[in-house]
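Dear colleague,

I am handing over the structure below, and I would be glad if you could look through it before we talk. My notes on what was found follow it.

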Number of protein chains: 2
Amino acid sequence: MERGSSFRNIVIPGFRFAGLPAGIKKSGHKDLALIYSEEPAVVAGLFTTNRIKAAPVKLAMEHIVSRKAQAIIINSGNANACTGEKGMKGAREIITCTAKELGIPPELVYSSSTGIIGRPFPTGVIKKALPGLVRQLSPLSLKHAASAIMTTDTRAKISFRQIRITGKKGTIAGIAKGAGMIRPDMATMLCFIVTDIAINSQALDAALREAANSSFNMLSIDNDMSTNDTVMIMANGFLNNPLITTRSPYLANFKSALNEITYDLARMIAEDGEGATKLIEVIVKGARSKSDAGRIALSVANSMLVKTAVYGRDPNWGRIMAAIGYSGIAVHEKKIDISLNNVKLVSKGMGTNREKAARTALLHKNIIITIDVGTGKENARALTCDLTEGYIKINAHYGT
Amino acid sequence: MERGSSFRNIVIPGFRFAGLPAGIKKSGHKDLALIYSEEPAVVAGLFTTNRIKAAPVKLAMEHIVSRKAQAIIINSGNANACTGEKGMKGAREIITCTAKELGIPPELVYSSSTGIIGRPFPTGVIKKALPGLVRQLSPLSLKHAASAIMTTDTRAKISFRQIRITGKKGTIAGIAKGAGMIRPDMATMLCFIVTDIAINSQALDAALREAANSSFNMLSIDNDMSTNDTVMIMANGFLNNPLITTRSPYLANFKSALNEITYDLARMIAEDGEGATKLIEVIVKGARSKSDAGRIALSVANSMLVKTAVYGRDPNWGRIMAAIGYSGIAVHEKKIDISLNNVKLVSKGMGTNREKAARTALLHKNIIITIDVGTGKENARALTCDLTEGYIKINAHYGT
């Protein structure tokens with residue numbers, strides 16, 4: 001399997017991309033992206049479980065039952081959430097105009113928005129930019145689309161893998177955005193994935209759910225769930241491989257490549273968490289079930305006290321113990337081991353007095369908290385970042 | 001009903017208090033408190049639901065089935081949690097020595113600890129200070145006990161009420177500590193309440209549960225639950241009133257006074273939240289049930305994005321909508337009204353463009369977010385504080 005997460009000029013046959021500044025963001029940065037497949041593609045999607053959903057999410061959720069898509073138009077700088085009938089009308093209009101501009105049926109066009117909630121949706125501004133956006137479509141512009149979906153992100157997030165199927169090399173590539181308002185319930189940010197591999201909608205859906213469960217659903221920055229979260233994947237079949245179905249021997253390969261991409265992207269989101277100086281990976285071992293392990297991992301990853309301690313290079317393992325204890329999962333204090341990177345801090349529930357070594361380990365940018373709860377054989381891992389003054393600064397003044 | 005929350009030299013007949021610096025805290029501040037009743041009192045208690053419990057909490061939970069107490073010894077500066085057999089032995093020793101010093105049976109003595117988790121418990125230091133502590137016992141020293149239980153608190157927290165029962169004036173007074181590691185599950189900090197009113201254990205227990213449910217259990221600072229949380233009430237009957245039982249007409253009076261005291265103390269804890277500059281009260285109206293209203297209120301009170309927005313004086317109501325939406329309670333966007341102090345920001349799910357007035361309202365130190373979800377008639381309120389760089393500073397370096 002070939003892999004990549006830093007940008008290279010990757011081409012996914014049959015797909016073209018564009019990203020430009022339409023004028024939605026005051027900063028003048030790119031804020032409008034388009035993903036286009038030369039032929040209709042099979043699509044699968046996961047959407048926020050928030051009861052308050054943005055207009056484009058409502059439309060996409062209705063739409064996706066058709067399992068077909070040819071284009072996704074995405075804007076940043078405005079969430080089109082809590083915008084009432086006008087917002088719904090705007091989202092519909094953007095879809096219609098994009099379809100017209102591309103010369104394809106509107107049923108095959110999806111839209112997605114991210115940015116501030118409750119501001120009037122700038123339908124006109126976007127419409128005006130559409131012809132130029134379509135003109136810019138290029139097989140080499142994935143990076144521009146990745147930039148145009150950013151909000152408080154400090155860098156674009158792209159990951160791809162290539163796998164061999166009956167001698168042919170297929171590609172899966174994804175872009176994502178997200179740095180705050182992120183918590184682990186369903187898809188927790190925007191992520192768009194494309195592939196030239198032929199796969200049917202059942203298999204694609206199953207693969208996407210599995211991938212999201214161990215990546216985006218195990219990712220927490222501030223435990224605030226957005227109204228706009230969306231993960232979509234389009235498979236256009238340009239590879240001409242034998243169709244992957246739920247019974248295909250190639251599904252496992254496809255799944256593991258997709259799992260890696262979504263974990264890559266989730267990791268990039270945690271690394272780029274608002275104000276973050278450190279990436280934190282919480283690995284829980286020895287739990288009775290995968291779900292128990294996951295709940296413990298997320299409980300620790302969500303703890304503001306653990307996150308501030310990592311920031312302060314303070315090996316305060318008592319906070320990790322407290323977060324394990326309130327996860328809701330039955331644990332036995334005397335069976336718990338905790339390590340920080342490779343320094344064992346807690347053995348059988350008691351401190352090992354290795355705080356000095358742990359303080360040195362905390363100099364690293366990547367922190368791995370390994371917890372063995374000693375009650376079973378199942379594992380899980382969660383991703384987060386440290387909590388710093390930077391998060392406060394960004395979020396105390398984001399709306400203004 | 002007479003009331004007070006700022007300190008006055010309140011006396012509760014039959015109770016004596018002490019607080020002094022025993023040398024557990026490096027700062028030299030008071031760190032050892034004693035609450036003593038001249039006669040055995042009826043006791044009720046609520047303890048952390050964290051699976052990892054401090055040694056004194058484990059002992060108190062076994063102990064309290066007897067429903068009798070005469071003294072509580074409390075130390076700050078060390079949590080005696082994750083301290084293994086030595087910690088348990090230390091907690092037992094402190095109880096035995098306190099009982100000996102007071103000349104009462106050890107079964108009537110409870111201990112409680114708060115501070116850093118996982119540090120060896122300073123049994124010797126505390127034992128050495130006990131004789132001096134007992135000598136200092138005085139009916140006028142509630143304030144010293146309130147100071148001695150503080151950790152990152154910036155001020156002592158005391159509240160009392162006086163109620164008339166068949167012509168006699170009874171007193172209920174409480175002290176509390178807590179500024180961080182606070183989340184709404186069971187009692188969420190240390191709180192000790194004493195009263196001279198005669199009340200049986202069933203009625204006392206019911207009153208304490210009810211009071212905690214609408215105060216400490218609706219309070220969130222950082223959503224981290226401690227291993228040491230404890231709320232206890234002792235009733236010594238010195239008032240000689242007709243015994244209050246669950247059927248007594250005076251139980252309602254007792255309950256409302258106790259509710260007010262615990263809400264007062266919860267409010268003081270939120271006001272003194274680590275790094276807080278503002279107290280935030282979230283009032284949810286028009287919900288289908290009290291429990292729905294409570295879950296929505298806590299979802300908003302727990303939102304880091306709402307808390308940072310209040311800090312930044314940013315009337316970003318989209319974050320409030322998002323937090324309502326992910327509370328797990330069924331809501332209808334189009335029925336939701338939101339006000340910030342008296343400025344209506346959202347009407348029927350849409351912004352009212354009153355951001356400027358809201359920004360002025362956010363200059364106040366006390367912020368009330370009122371949410372009407374428009375689906376029923378039930379209300380609830382939750383308490384929290386804003387999230388600032390101060391919280392990060394305190395918690396990045398607390399253990400060191």
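Two strands are said to pair if DSSP finds at least two bridges between them, and the notes on strands rest on that rule. Please keep in mind that this is a predicted model.

In chain A, strand S11 (residues 337–340) and strand S14 (residues 366–372) pair in the antiparallel sense over four bridges, and within that pairing Ser339(A) stands opposite Thr370(A) in S14(A). S11(A) also pairs in the antiparallel sense with strand S12 (residues 343–347) of chain A, here over three bridges, with Ile338(A) standing opposite Val346(A) in S12(A). The hairpin of S11(A) and S12(A) has two residues between the strands, and in this hairpin Asn341(A) takes a positive phi near 50°.

Turning to the two chains together, 49 residues of chain B are in contact with 50 residues of chain A. The elements that give two or more residues to the chain B side are helix H8 (304–311), helix H9 (317–325), strand S13 (350–351) and helix H11 (389–396) of chain B, and of these H9(B) gives the most, with seven residues. By class, that side of chain B has 24 nonpolar, 19 polar and six charged residues.

The same surface serves both copies, since 100% of the contact residues of chain B recur in chain A.

With best regards

Methods:
Residues numbered from 1 in each chain as written. Chains lettered and ligands numbered in written order. Predicted model: local features only at pLDDT ≥ 70, side-chain atom pairs only at ≥ 80, totals over all residues. Contact = placed C-beta atoms within 7 Å. Nonpolar A, V, L, I, M, F, W, Y, C, P; charged D, E, K, R; others polar.
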